[in-house]
Amino acid sequence: MTDPAITDYVIPPPAIVAVPVAGGGSFPVRRVFCVGRNYAEHTREMGGDPNREPPFFFMKPADALLTGNADMPYPPASEDLHHEMELVVAIGTGGVDIPEASALDHVWGYAVGLDMTRRDVQNVARKAGRPWDMGKGFDHSAPIGDIFPAAKIGHPEAGTIELRVNGAVRQTSDISKMIWNIPETVSYLSRLVALAPGDLIFTGTPEGVNAVVRGDLLEGSVAGVGSLRTRIV
Ligand code: MN
């Protein structure tokens with residue numbers, strides 16, 4: 001975050017990334033965390049063991065977010081761009097060692113998001129035991145819909161999560177099928193890092209991940225939470 005009291009930056013400071021809030025206002029983003037393999041059927045399709053192992057996390061830079069249903073440029077260095085439709089948690093109150101019982105008190109709202117993935121780049125990294133960053137955290141890799149305040153929509157525990165590509169359903173599941181639910185995810189992550197206001201958590205994708213090509217229209221939704229749309233260009 002830039003400090004408005006400091007004026008002697010030697011280069012222009014980066015802009016604060018913000019996601020529009022449904023009904024007005026903007027949610028300033030600090031960090032973007034993502035949960036890996038949080039639905040059993042997706043874990044199986046990726047060749048993993050769906051037994052309940054501890055959750056694992058990776059990150060995307062905040063400025064990878066793509067808001068306002070903007071077009072997503074097909075990224076360089078890949079010929080296998082995949083969609084991963086996800087529920088996104090927006091943290092409003094930070095904390096460490098947050099108990100599951102009070103974890104939802106730290107959640108300001110929810111959105112839907114796409115964890116777009118250069119699967120070919122990620123697979124090379126996986127096989128070599130290298131970091132996933134260049135497969136996951138590239139420019140424009142995180143389209144996100146408007147954030148809905150929990151004060152208005154509550155804390156969703158169930159509801160259809162769906163992604164359509166050119167009108168055809170590609171991914172469909174229910175957020176109740178997450179291996180680690182929202183309180184468990186927030187609590188676990190807060191034992192790894194100090195969560196802070198503005199942090200987002202992409203909570204993992206259900207089965208059905210697949211490739212997209214230029215021209216495809218992606219439309220995603222989570223019942224009771226919101227929707228997004230982006231065209232690959
Ligand atoms: Mn994902």
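Predicted model: local features only at pLDDT ≥ 70, side-chain atom pairs only at ≥ 80, totals over all residues.

Biologist: OK, which residues coordinate the manganese ion?

Modeller: Glu84 and Glu86 through OE, and Asp115 through OD, at 2.0 to 2.2 Å. Donors here are N, O and S atoms within 2.8 Å of the metal (3.2 Å for Na, K and Ca), and water is not among the atoms, so sites may look incomplete.

Biologist: What spacing do the donors follow along the chain?

Modeller: E-x1-E-x28-D. Glu86 lies in strand S7 (residues 85-91) and Asp115 in the loop between S8 and strand S9 (117-118), so that pair ties together parts 29 residues apart in sequence. Strands (E, at least two residues) and helices (H or I, at least four) are DSSP runs, numbered from the N terminus.

Biologist: Are Glu86 and Asp115 buried or exposed?

Modeller: Both are buried. The cut-offs are under 20% relative accessible area for buried, over 50% for exposed, and partly exposed in between (1.4 Å probe, protein chains only).

Biologist: Now the sheets. What's the strand order in the open sheet of 6 strands?

Modeller: S4-S3-S14-S7-S8-S11, with mixed pairing. S4 and strand S11 (148-149) are at the edges with a single partner strand each, so one side of each has no neighbour in the sheet. Two strands count as paired if DSSP finds at least two bridges between them.

Biologist: How many bridges join S7 to S8?

Modeller: There are 7, and the two strands run antiparallel. Met85 stands opposite Leu114 in S8.

Biologist: And the open sheet of 4 strands, what's its order?

Modeller: That one goes S13-S12-S16-S17, with antiparallel pairing. Strand S13 (168-174) and strand S17 (226-231) are the edge strands, each pairing on one side only.

Biologist: What does Val165 stand opposite in S16?

Modeller: Leu218. S12 and S16 are antiparallel too, pairing over 5 bridges.

Biologist: Switching to the cores. Which residues touch the most other members of the largest nonpolar core?

Modeller: Met116 and Val186, out of 37 residues. Strand S3 (32-36), S7, S8, strand S12 (160-165), helix H5 (182-189) and strand S16 (217-222) each supply at least two residues of that core. Another core of 19 residues lies apart from it, with Val17, Val32, Cys34 and Leu200 among its members. By nonpolar core I mean a set of buried Ala, Val, Leu, Ile, Met, Phe, Trp, Tyr and Cys residues joined through side-chain atoms within 4.5 Å.

Biologist: Last topic, the rings. How many aromatic pairs are there?

Modeller: The structure holds 5. Rings of Phe, Tyr and Trp (its six-membered ring) pair if their centres lie within 6.5 Å; planes under 30 degrees apart are stacked, over 60 edge-to-face, and the rest tilted. Phe27 and Trp108 have ring centres 5.9 Å apart and planes at 40°, so they are tilted. Phe27 sits in strand S2 (residues 26-28) and Trp108 in strand S8 (residues 107-114), 81 residues apart.

Biologist: Is Phe27 buried or exposed?

Modeller: Phe27 is buried, with a relative accessible area of 7%, whereas Trp108 is partly exposed at 37%.

Biologist: What about Phe56 and Trp132?

Modeller: Their centres are 5.6 Å apart with planes at 85°, so that pair is edge-to-face. Phe56 is in strand S4 (residues 56-60) and Trp132 in the loop between helix H2 (119-128) and helix H3 (133-136), so parts 76 residues apart in sequence are tied together. Ring pairs link Phe56, Phe58 and Trp132 into a cluster.

Definitions and conventions. Residues numbered from 1 in each chain as written. Heavy atoms only, no water.
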